[in-house]
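Trainee: Please take me through this model and let me ask where each label comes from.
Mentor: Go ahead.

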Amino acid sequence: MTPEEVERADAQVVRPSWAITPMEGVGPLRFGMTVGQAAAALPEARELRRFQADPSFPELLGVELGWKLAEPALYEYFLGSGQLFCIAADAVRGPLMTLDGMQLTGSDPAVLEPWLFDVSDSLGGGLRYGPRADPGIEGLSGPAGAGRWSRSADSTGSGWSRVGLPLR
């Protein structure tokens with residue numbers, strides 16, 4: 001492909017809509033997948049880079065994905081055993097995540113917070129706040145603030161950012 005063809009293809013990318021299934025996965029991704037299985041589940045995504053996910057846990061692998069070149073949209077996190085345990089979406093470019101019929105990615109935090117209070121009990125956990133005052137549903141929460149939403153870095157969007165399994 002020429003650079004112009006790549007640019008035209010990138011311009012046609014539409015953000016996917018993914019449902020969150022607590023403790024199972026998000027959209028086509030399932031917790032426990034290998035890097036290869038996760039890549040096969042997202043043939044339209046491009047791997048942009050791999051990185052050490054957390055300096056405190058050197059065995060954790062992060063994989064940055066994008067629908068367009070040089071525009072991160074999604075992060076996958078893998079245990080040292082190679083199993084997917086956490087998925088993080090960019091609030092502006094990532095998939096539109098929904099939980100129990102509510103769109104979380106890109107939604108107004110003022111609308112989401114009261115809804116999170118109402119839905120948290122039905123999902124088996126209470127609403128908790130992390131160190132950055134990000135709310136999270138305990139039944140969905142896992143490592144590194146999984147199951148929380150926060151504002152995007154450029155303040156153009158907000159919404160659910162991470163969904164994962166608790167480390168055991």
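Trainee: What makes E71 and R93 a salt bridge?
Mentor: Their closest N and O atoms are 3.6 Å apart. A salt bridge is called when a side-chain nitrogen of Lys or Arg lies within 4 Å of a carboxyl oxygen of Asp or Glu, so the pair of E71 and R93 qualifies at 3.6 Å. This is a predicted model, in which local features need pLDDT of at least 70 and side-chain atom pairs count only at pLDDT 80 or more, while totals for chains, interfaces and linings use all residues. Residues are numbered from 1 along each chain as its sequence is written, and side-chain values use heavy atoms, with hydrogens and water left out.

Trainee: Which parts does the pair of E71 and R93 tie together?
Mentor: E71 sits in the loop between strand 5 and strand 6 (74–78), and R93 in the loop between strand 7 (84–89) and strand 8 (96–99), so the bridge ties parts 22 residues apart in sequence. Strands here are DSSP runs of E with at least two residues, and helices are runs of H or I with at least four, numbered from the N terminus.

Trainee: Why are E71 and R93 called partly exposed?
Mentor: Buried means under 20% relative accessible area and exposed over 50%, with partly exposed in between (1.4 Å probe, protein chains only). E71 has 30% and R93 has 33%, so both fall in the partly exposed range.

Trainee: How many salt bridges does the structure hold?
Mentor: The structure holds three. Another is E47 with R50, whose closest N and O atoms are 2.8 Å apart. E47 is partly exposed at 43%, and R50 is partly exposed at 48%.

Trainee: What about E64 and R49, which parts of the chain do they link?
Mentor: Their side chains meet in a salt bridge at 3.2 Å, N to O. The pair links distant parts of the chain, E64 in strand 5 and R49 in strand 4 (residues 46–52), 15 residues apart.

Trainee: Is E64 buried or exposed?
Mentor: E64 has a relative accessible area of 8%, which is under 20%, so E64 counts as buried. R49 is partly exposed at 41%. Contact means heavy atoms within 4.5 Å. Leaving out residues up to four places away in sequence, E64 touches R46, E47, L48, R49, F51, P72, L74 and Y75.

Trainee: How do you know that the buried residues of helix 3 line one face?
Mentor: Those buried residues are P109, L112, W115, L116, V119 and S120. Seen down the axis of helix 3, they fall within an arc of 125 degrees, taken from the directions from the helix axis to the C-beta atoms, so they line one face. On the other side of helix 3, A110 and D118 are exposed.

Trainee: What span does helix 3 have, and what is expected?
Mentor: Helix 3 (residues 109–120) has 12 residues and reaches 15 Å from its first C-alpha to its last. The expected span is 1.5 Å times one less than the number of residues, and the 15 Å is close to the 16 Å expected.

Trainee: Why do strand 8 and strand 9 count as paired?
Mentor: Two strands pair if DSSP finds at least two bridges between them. Strand 8 and strand 9 (residues 102–103) have two, in the antiparallel sense, so they count as paired. Within this pairing, T98 has Q103 in strand 9 as its bridge partner.
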